Amino acid sequence: MSAARHALQRPRTARSERRLEIDGLRAVAVLLVVIYHIWPRRVSGGVDVFLMLTGFLITGSLLRNEHVKLLAFARRLVLRLLPAAGLTLLGVLIGMVLILPKTRWDVTVAEVVASALYYENWQLAFSAVDYLSAGNAVSPVQHFWSLAIQGQFYVIWPVLLLMARRKLRAFVGLMTAVFALSLAYSIFRTATDQAWAYFDTGARLWELALGGLLAVALPFLKVPKPVRAVLGWLGLAALVACGLVLQVSTSFPGYVALWPTLAAAAVIVAGTAGGADRLLTLRPVLYVGRISYALYLWHWPIFVFYLVATDRTAASWKGILLILAASFVLAAVTTELTDRTGNWGPLLLAPALVGAVVVTFLPRQQGNAITPAPALAAKDRPRSYEDGCAQHPREAEVLVCHYGAKNPDKTIALVGNSHAAHWLPALELLGEDNGWRIVNITKGACTLSTTVQLYKGRPQPTCDQWQEGVLAELRKLDPDLLITTATESSEWERGENMPGGYLERWRQLGAMGIDVLAIRDTPRMGFDPPECVETKGAAACVAPRSLSLAERMPAAGPIPANVTVADFNATFCPDDRCPSVIGNTLVYSDNGHITATFMRSLAPALEKEMLRALAGGQANSQR
């Protein structure tokens with residue numbers, strides 16, 4: 001027998017029979033996920049247990065097979081995973097058409113496709129850092145992110161084993177490297193961009209690698225039975241306590257995810273020592289473990305559909321019982337059905353993909369006269385987003401795009417955050433009519449200010465770097481007028497304000513000979529206007545002006561001579577109320593950004609203020 005074959009056979013000393021306590025551990029993990037998702041809508045660490053268990057079981061399966069046949073390996077996974085996933089996704093599409101407002105259809109369809117093709121984690125990661133997508137309502141399939149990571153793992157791990165030439169020592173070395181590098185990256189990424197790290201495969205692979213290393217080490221661990229019994233109880237108690245003690249939703253993955261994964265590892269090491277395994281191998285617990293995959297699949301869409309159908313933000317006690325009952329029934333039926341479908345099971349995924357394509361072409365326009373239709377409002381935004389010219393918060397590169405006249409008489413620079421960017425549609429019209437070149441230089445969550453700026457509660461160093469580049473670009477451009485925001489509206493406690501950093505930046509621009517038109521910020525609505533208008537009607541979708549705007553425009557000090565201030569909020573909020581629809585036009589594309597359609601209607605008013613600012617600049621230059 002070759003050394004390589006001997007090396008791969010050594011782990012076979014581990015118990016290869018079905019370990020019932022692991023089924024029980026699955027049950028505990030899925031129950032924690034379901035309970036914490038529904039009430040109190042936190043995260044339990046149960047998903048991390050599933051990732052670790054996947055690494056443990058798949059590594060053990062690969063090592064128990066002397067010759068890894070990738071096609072056979074893939075076939076087993078497909079038969080086990082795709083039928084239930086396909087059935088759930090098909091059910092989600094049906095529920096979407098029946099229950100969800102059309103404003104959510106496009107996002108849901110995109111995520112159904114991403115879930116079916118196992119890249120939902122990346123879909124959510126990019127949405128989490130997309131400034132205009134971060135506020136989207138949750139989709140009924142966003143929980144597929146963890147399944148996507150597992151699906152990617154199923155591709156990576158056999159490749160690692162082949163890279164190791166089926167030698168155990170080399171395979172362990174690769175797993176150790178993956179564990180160490182991924183954990184280090186996870187700690188760093190969680191500290192710098194937790195929203196991205198949560199869905200990043202690279203920040204999660206260490207959890208699967210930990211399971212793989214445990215699968216290799218377990219046969220060699222000689223722990224006395226009394227110690228294992230205690231270890232099992234401690235591990236189970238630590239796992240249950242994880243979601244109660246830690247703010248998992250804001251601190252994971254990082255090093256904090258060691259808590260649930262090591263707790264689950266302790267239960268596995270304990271094995272059948274007459275401790276926690278007695279609880280984990282009870283027949284009802286084992287049954288929940290058997291249907292755990294389907295239960296994980298169904299509980300979240302049922303919860304989301306319940307909230308939409310009842311117009312709630314949280315489930316009542318009766319609602320919780322209803323959601324749990326429906327989830328368990330569908331999980332049981334799905335498990336029985338998919339167990340019986342055999343080789344035909346994966347075909348259940350096809351109707352979900354076909355359904356996603358069909359729904360994409362269903363009409364979104366409604367019978368009312370509102371333009372744009374609420375379902376299309378999210379796409380009714382400045383052209384700079386489609387042109388890739390709206391820099392997102394994580395990047396510092398200065399993106400510059402030119403609009404308006406080809407042979408311009410004047411150059412107008414639009415600079416600032418997304419609330420500056422949503423004036424571009426009006427500026428495009430004015431540029432063409434007046435012979436002006438419009439230069440768009442915008443970045444999400446980054447105003448033109450010397451004040452340190454936050455994004456999602458953390459300092460945003462890319463904003464400072466970006467502004468340095470913007471100032472250099474403006475020196476070369478030498479615009480006749482620069483347009484930016486004058487204040488920051490907010491629906492939170494701080495309200496509308498003008499940071500002192502605005503004034504300092506305006507004075508710097510004045511020293512460069514640049515005149516500024518500073519536009520008072522537009523309102524925040526506190527709800528999603530397109531969805532509200534579709535489900536409740538325009539009359540019900542009104543916010544008080546005082547929610548996000550001060551009674552008078554605030555000022556941090558004397559306005560520099562090179563700055564003209566404009567305020568259009570009398571248009572947005574007549575009679576101190578801010579409607580979602582004005583003159584049959586939908587004003588907002590989300591809770592705080594203006595639709596391109598409505599912004600174009602403000603072009604004449606904006607033109608008047610621009611001409612006033614340009615005249616003021618000429619007067620200043622003649623003094």
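Which residues does Leu89 touch, not counting residues up to four places away in sequence? The close-ups below start there. This is a predicted model, where local features need pLDDT of at least 70, side-chain atom pairs count only at pLDDT 80 or more, and totals for chains, interfaces and linings use all residues. Numbering runs from 1 along each chain as its sequence is written, and side-chain values use heavy atoms, with hydrogens and water left out.

**View 1. Leu89 and its neighbours.** Leaving aside residues up to four places away in sequence, Leu89 touches Val112, Ser115, Ala116, Val141, Phe144, Leu349 and Ala352. Here contact means heavy atoms within 4.5 Å.

**View 2. The largest nonpolar core.** A nonpolar core is a set of buried Ala, Val, Leu, Ile, Met, Phe, Trp, Tyr and Cys residues joined through side-chain atoms within 4.5 Å; buried means under 20% relative accessible area, exposed over 50%, and partly exposed in between (1.4 Å probe, protein chains only). This core has 107 residues, and Leu25, Met52, Phe56, Leu89, Trp157, Phe171 and Ile268 touch the most other members. Helix α16 (residues 292–310) gives the most to it, with 13 residues. Helices (H or I, at least four residues) and strands (E, at least two) are DSSP runs, numbered from the N terminus. Apart from this core lies another, of 37 residues, including Leu399, Ala420, Ile483 and Ala543.

**View 3. Helix α4 against helix α18.** Helix α4 (residues 70–99) packs on helix α18 (residues 349–360) at an angle of about 25°, with axes 7 Å apart. Axes are lines fitted to C-alpha atoms, for helices over the stretch in contact, and angles run from 0 to 180 degrees between N-to-C directions. So α4 and α18 are roughly parallel to each other (angles under 35 degrees count as that). On the α4 side, the contact uses Leu82, Gly86, Leu89, Leu90, Leu93, Met96 and Val97; α18 brings Leu349, Pro351, Ala352, Gly355, Ala356 and Val359.

**View 4. Helix α2 against helix α17.** Helix α2 (residues 20–38) and helix α17 (residues 317–341) pack at about 145°, their axes 11 Å apart. Leu31, Val34 and Ile38 of α2 meet Ile320, Ile323, Leu324 and Phe328 of α17.

**View 5. Asp48 in helix α3.** Asp48 sits in helix α3 (residues 46–64). Is Asp48 buried or exposed? Asp48 is buried, because its relative accessible area is 2%. Not counting residues up to four places away in sequence, Asp48 touches Arg204, Glu207, Phe252, Ala257, Pro260 and Thr261.

Technical notes
Parallel < 35°, antiparallel > 145°, perpendicular 65-115°, else oblique.
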